[in-house]
Amino acid sequence: MTIEVECQCGKVYKTGEENAGRRFACKQCGAEVVVPEGGEGDIAATLAWIREQRDAGHSRGALRQQLEEHGYDAETAASLVDTALGDARQTAARRARSSRRAAHGGGGGDSEGLGWLIWIGLLLFINLLSWIFDWPFWIY
Ligand SMILES: [Zn+2]
């Protein structure tokens, strides 16, 4: 997809979407021209870019700042980061859930719990049996 950008002098440039947000000097008048961010398709590209940057170790704050430098306003930048990476609170909740799952340790914790249940059940059952058979009624 190509982006059309018109300089203040009227000269029109066509450029690839990979140049969205970049600035260059107009060949005709020398003024600074900013390549605008494109439409829907570019949002998907931007979201992919945000995830890439996050995986590269950039913080959400740094990403928002970079987006603002690319011509987004602060609110749009924040919502783009939230859309790409999920809401901060949701992400934290997801992380907490997965760490709880990890604490259970691949099923080992669960089978140990089940073992205890069987053990206690067996103990109660034996106690019940001995209680029944020790009952004077059964002896006499
Ligand atoms: Zn110009």
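This report describes a strand hairpin and a pair of packed helices in a predicted model. Local features are given where pLDDT is at least 70, side-chain atom pairs count only at pLDDT 80 or more, and totals for chains, interfaces and linings use all residues. Residues are numbered from 1 along each chain as its sequence is written.

**The hairpin**

Helices (H or I, at least four residues) and strands (E, at least two) are DSSP runs, numbered from the N terminus. Strand β1 covers residues 2-6, and strand β2 covers residues 12-16. The two run antiparallel and are joined by five bridges; strands pair if DSSP finds at least two bridges between them. The table lists two of the bridge partners.

| Residue | Bridge partner in β2 |
|---|---|
| T2 | G16 |
| E6 | V12 |

Five residues lie between β1 and β2 in the hairpin, and G10 in the turn has a positive phi of about 105 degrees.

A residue is buried if 20 or more other C-beta atoms, placed from the backbone, lie within 10 Å of its own, exposed if 12 or fewer, and partly exposed in between.

V5 belongs to β1. With 19 other C-beta atoms within 10 Å, V5 is partly exposed. Leaving aside residues up to four places away in sequence, V5 touches Y13, T15, V33, V35 and P36; contact requires C-beta atoms, placed from the backbone, within 7 Å. Between V5 and T15 the C-alpha to C-alpha distance is 7.9 Å, at a separation of ten residues in sequence.

**The helix pair**

Helix α2 spans residues 60-69 and helix α3 spans residues 74-85; their axes come within 9 Å and cross at roughly 130 degrees. Axes are lines fitted to C-alpha atoms, for helices over the stretch in contact, and angles run from 0 to 180 degrees between N-to-C directions. The two helices are therefore oblique to each other, a class left after under 35 degrees (roughly parallel), over 145 (roughly antiparallel) and 65 to 115 (roughly perpendicular).

On the α2 side, R60, L63, R64, L67 and E68 meet A74, A77, A78, L80, V81 and L85 of α3. By class, this contact has eight nonpolar, no polar and three charged residues. Ala, Val, Leu, Ile, Met, Phe, Trp, Tyr, Cys and Pro count as nonpolar, Asp, Glu, Lys and Arg as charged, and the others, Gly among them, as polar.

Definitions and conventions
Two residues are in contact if their C-beta atoms, placed from the backbone, lie within 7 Å.
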